[in-house]
Amino acid sequence: MAKHKFQTEVNQLLHLIIHSLYSHKEIFLRELISNASDALDKLKYLTLTDENYKKIDFDPKIDVYFDSKESKTLTISDTGIGMNEKELAENLGTIAKSGTRIFLEQMTGDAKKDSNLIGQFGMGFYSAFMVSDKIEVISKKAGEDKAYKWTSDGKGEFEIVEARKDREGTAITLFLNEEGKEFANRWKIESIIKKYSDHVPFPIFIHFEETRTEGEGDKKKEIKEQKTEQINSASAIWKRPKNELKEEDYKEFYKSISHDNDDPLHYVHTHAEGTLDYTTLFFFPKKAPFDLFRADYTPGVKLYVKRVFITDDDKELLPTYLRFIRGIIDSEDLPLNVSREILQQNRIMAKIRSSSVKKILGELENLKNKERDKYNEFYKEFGIPIKEGLYQDFENRDKLTELVMYKSTKIDGFTTLAEYADRSQPGQNTIYYITGGKEETLKNSPLLEMYKKKDIEVLILDDEIDEIVISSIPRYKDHELKSVNRSDAAEDLKSEKDKEKEKEIEPLIKKVKGILGDTVKDVKASTRLSDSPSCIVADQKDPTVQMQHILKAMGQDAMENFKPILEINPEHEIVKKLKDTNDSSLIEDISFLLLEQAMLIEGVEIKSRADFVKRLNRVMNKAL
Ligand code: ADP
């Protein structure tokens with residue numbers, strides 16, 4: 001007999017499940033049946049591909065037994081792959097999922113919020129403790145001799161002892177608690193299984209006792225009979241014709257493969273026939289999974305060959321940027337014993353993958369054009385991965401360029417590049433954008449003043465990834481994309497009058513340049529400002545200051561320091577007065593203050609706060 005302690009995270013998760021999911025407690029049955037179905041998938045694959053397993057008399061099924069009278073138990077038993085002693089301890093004593101700790105830290109203690117989060121996490125086996133005082137798992141691994149019994153009351157410990165079991169597979173018995181005793185009921189079980197697990201591709205049987213009366217009068221007697229009935233339709237939903245399937249069927253199937261408690265936002269189901277025969281069923285979730293931005297995210301697409309499950313942890317089935325898609329790919333042409341290495345170079349797989357990507361992007365294009373609200377909802381959650389696609393997927397760049405959207409100075413919400421181009425002024429063949437900071441900072445940036453005055457729209461690129469990605473779209477059709485953070489963007493806006501003004505302040509520019517020395521790359525007269533005296537921009541080929549921060553954060557420490565260009569506004573009162581003063585210490589202080597205020601407003605750290613404050617005080621003192 002061996003006693004084990006649960007991993008700390010398991011205890012935390014158990015606590016959470018019990019406290020945030022009590023209103024959905026019936027989902028434990030979906031989770032256990034989905035585990036049983038996975039175990040059957042795994043053994044089915046082995047019996048078809050591995051000589052060592054061919055002698056097994058594989059009879060794939062899931063049996064459900066219950067006792068509603070005395071003990072109030074519910075048993076779910078499968079003839080799948082099973083677990084040995086080590087696997088029982090690992091699978092049912094720890095949490096293998098990546099990012100568990102981070103996930104647990106996000107928990108707020110607010111049951112409603114937490115139950116949303118936990119829905120995306122997928123609680124699996126442990127959810128059965130919502131309805132049980134004690135759980136017993138008896139399992140025998142296929143191909144091994146010994147069976148083991150795992151027992152726990154979910155309070156920190158579990159126990160594993162040797163046990164007896166005739167055939168391979170797993171039987172899980174729940175000793176139902178007060179909350180759970182309603183589940184020891186035939187109708188309840190049947191309705192839940194029909195609702196959540198009808199499409200499980202293996203038969204699910206319920207075993208129950210039926211009493212009937214026979215004879216008349218004195219001879220009347222009650223006869224108890226043990227009966228077994230199949231509950232589900234047991235057909236792979238994705239193989240069924242689309243017109244036979246209802247919205248509801250797709251929704252429930254999605255929930256069972258994704259562990260998401262919410263409906264999917266959208267789905268696309270395709271039967272391809274011709275040179276290649278395959279079926280795909282892809283779902284777009286409503287909410288991003290908790291591990292979307294982790295390198296060790298769990299992929300969401302399962303690969304089947306002729307309805308035999310092959311793998312669910314291959315990250316190559318779809319490109320990385322589509323990692324949020326959940327669903328199924330089922331090929332008629334791939335060999336059953338396809339290995340992971342082969343998969344990656346397989347021409348059939350490559351073709352399925354490439355058509356799948358086109359299908360998914362085409363579906364998003366449809367959503368964007370026909371159901372814009374839904375597309376906006378999608379984009380809020382998955383806009384960043386779509387942008388990743390722009391620099392990962394050269395083949396589909398044009399499609400992705402139509403799908404990306406940005407905030408803008410002209411409209412609320414998001415706009416596409418096509419919409420911007422449509423709205424642009426006659427003769428304007430540039431799409432302007434600003435990067436480097438949060439939406440609020442960008443919207444208030446002095447760099448936008450002249451564009452506002454001239455009523456020119458500027459896109460607000462406020463995601464960190466934007467600045468990296470935007471360089472992959474130098475043009476959109478007739479429009480060139482230009483950053484207003486760059487020194488040359490304002491050239492377009494220059495008039496003859498502006499050029500005269502530039503000349504006028506040339507001597508001042510020279511002076512300021514001399515004072516600031518190599519803290520800046522250059523000092524120039526600005527035509528883009530209206531209310532502010534100064535601003536900073538990046539030289540044409542340099543990364544912006546914010547971009548430099550990102551590159552440094554990504555570990556590029558040795559990177560040279562790109563200095564900003566200071567632009568000053570010849571029209572501004574301060575600059576005009578500065579031109580006419582001879583007080584050299586005042587000119588020096590104000591030169592630095594023009595630079596420092598421009599940096600501060602862009603959210604850039606200044607060199608010395610102490611010096612800044614000293615300067616400010618000297619100038620204030622003079623002004624009084
Ligand atoms: P998940 O199913 O999301 O991996 P669970 O906590 O539900 O998480 O299960 C943990 C692991 O335990 C599974 O990945 C699987 O390896 C194993 N397991 C659970 N139920 C069974 C079963 N009926 N037969 C075989 N293995 C199982």
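Reader: Which residue in E5 is the bridge partner of Val137?
Author: In E5 the bridge partner of Val137 is Trp150. Strands here are DSSP runs of E with at least two residues, helices are runs of H or I with at least four residues, and both are numbered from the N terminus. Two strands are said to pair if DSSP finds at least two bridges between them. This is a predicted model, in which local features need pLDDT of at least 70 and side-chain atom pairs count only at pLDDT 80 or more, while totals for chains, interfaces and linings use all residues. Residues are numbered from 1 along each chain as its sequence is written, and side-chain values use heavy atoms, with hydrogens and water left out.

Reader: And what stands opposite Val137 in E7?
Author: That is Ile172. Strand E4, residues 132-140, runs antiparallel to strand E7, residues 169-176, and eight bridges join them. E4 also pairs with strand E5, residues 147-152, in the antiparallel sense, over six bridges.

Reader: How many residues lie between the strands in the hairpin of E4 and E5, and which glycine takes a positive phi there?
Author: There are six residues between the strands, and Gly143 takes a positive phi near 90 degrees.

Reader: Which way do E5 and E6 run, parallel or antiparallel?
Author: They run antiparallel and are joined by six bridges, with Ser152 standing opposite Phe158 in E6. Their hairpin has four residues between the strands, and Gly154 has a positive phi near 75 degrees. Strand E6, residues 157-163, is also joined by four bridges to strand E1, residues 2-5, again in an antiparallel arrangement, and there the partner of Lys5 is Glu157.

Reader: What about E8 and E9, how many bridges do they have?
Author: Strand E8, residues 204-214, pairs with E9 over 10 bridges in the antiparallel sense, and Phe205 stands opposite Gln230 in E9. These two strands form a hairpin with six residues between them, where Gly215 in the turn has a positive phi of about 80 degrees.

Reader: Which residues have a positive phi without being glycine?
Author: Ala234 is one of them, with a phi of about 50 degrees, and its place is in the loop between strand E9 (221-230) and helix H7 (247-258). Arg307 is another, with a phi of about 70 degrees, and is found in the loop between strand E12 (301-305) and strand E13 (308-311). For background, most residues other than glycine have a negative phi.

Reader: Switching to the ligand, which residues are around it?
Author: Asn35, Ala39, Asp78, Met83, Asn91, Leu92, Lys97, Gly124, Phe125 and Thr170 are around the ligand, where a residue counts if one of its heavy atoms lies within 4 Å. By class, this shell has four nonpolar, four polar and two charged residues; Ala, Val, Leu, Ile, Met, Phe, Trp, Tyr, Cys and Pro count as nonpolar, Asp, Glu, Lys and Arg as charged, and the others, Gly among them, as polar.

Reader: What is the distance from the ligand to the side chain of Asn35?
Author: An oxygen atom of the ligand is 2.8 Å from an N or O atom in the Asn35 side chain, and a ligand nitrogen is 2.9 Å from an N or O atom in the side chain of Asp78. A polar side-chain atom of Asn91 lies 3.3 Å from an oxygen atom of the ligand. Taken alone the ligand exposes 530 Å², of which the protein buries 79%, with accessible areas from the Shrake-Rupley method and a 1.4 Å probe.

Definitions and conventions: A polar contact is a pair of N or O atoms within 3.5 Å; within protein, one must be able to donate a hydrogen and the other to accept it, and residues adjacent in sequence count only if both atoms are side-chain atoms.
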